[in-house]
Amino acid sequence: MATTVRADKSAVVPAQNGPTVIWTAEELAEVRERLSTEIGDLTAEIARAESEIASNDVTDGAGDDQADAGARTYQREREIALTLNARDLVAQNERAIARIDAGTYGVCESCHQPIGKERLQAFPRATLCVACKQREERR
């Protein structure tokens, strides 16, 4: 079973079937900064959406027909869904930062093998390697 070992602020992920994946301190700092920036952006988006939802709740619907009420309800449900999605992304980003801090960033949660560096650079919130993610999606 492969594990991440922290060495001088870098992460080393020994692979059983392939080369060792090494994350330098600079690379981890870059990933952390990217995740933190995204958390800030998403938090601002959540606050904007929540204030919009709250302001639309107090608008007067007198004189509206059923189509107007339906359109307003659809828009409100859409905003709520987008807000929930943004909250989920914030949680995923926070979890990735916690994994960096714990020294387990880049290790698949299922098979405990390294997650490809390219995958994590493209999708830094990834918790599964490509093979495990494909297996999960087939279910």
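**Exercise 1.** Which glutamate forms a salt bridge with arginine 99, and how far apart are the closest N and O atoms?

*Solution.* This is a predicted model: local features need pLDDT of at least 70, side-chain atom pairs count only at pLDDT 80 or more, and totals for chains, interfaces and linings use all residues. Residues are numbered from 1 along each chain as its sequence is written, and side-chain values use heavy atoms, with hydrogens and water left out.

Step 1. Apply the salt-bridge rule: a side-chain nitrogen of Lys or Arg within 4 Å of a carboxyl oxygen of Asp or Glu. Arginine 99 pairs with glutamate 109, with the closest N and O atoms 3.3 Å apart.

Step 2. Arginine 99 is in helix 2 and glutamate 109 in the loop between helix 2 and helix 3, so the bridge ties together parts 10 residues apart in sequence. Helices are DSSP runs of H or I, at least four residues, numbered from the N terminus.

Step 3. Check accessibility. Buried means under 20% relative accessible area, exposed over 50%, partly exposed in between (1.4 Å probe, protein chains only). Arginine 99 is buried at 9%; glutamate 109 is partly exposed at 36%.

Step 4. Arg95, Arg99 and Glu109 form a network of salt bridges.

**Exercise 2.** Find the salt-bridge partner of aspartate 101.

*Solution.* Step 1. The partner is arginine 32, at 2.0 Å, N to O.

Step 1. Aspartate 101 lies in helix 2 (residues 66–102) and arginine 32 in helix 1 (residues 25–57), so the pair ties together parts 69 residues apart in sequence.

Step 2. Aspartate 101 is partly exposed at 47%. Arginine 32 is partly exposed at 30%.

Notes
Helix = DSSP H or I, 4+ residues; strand = E, 2+ residues; numbered from the N terminus.
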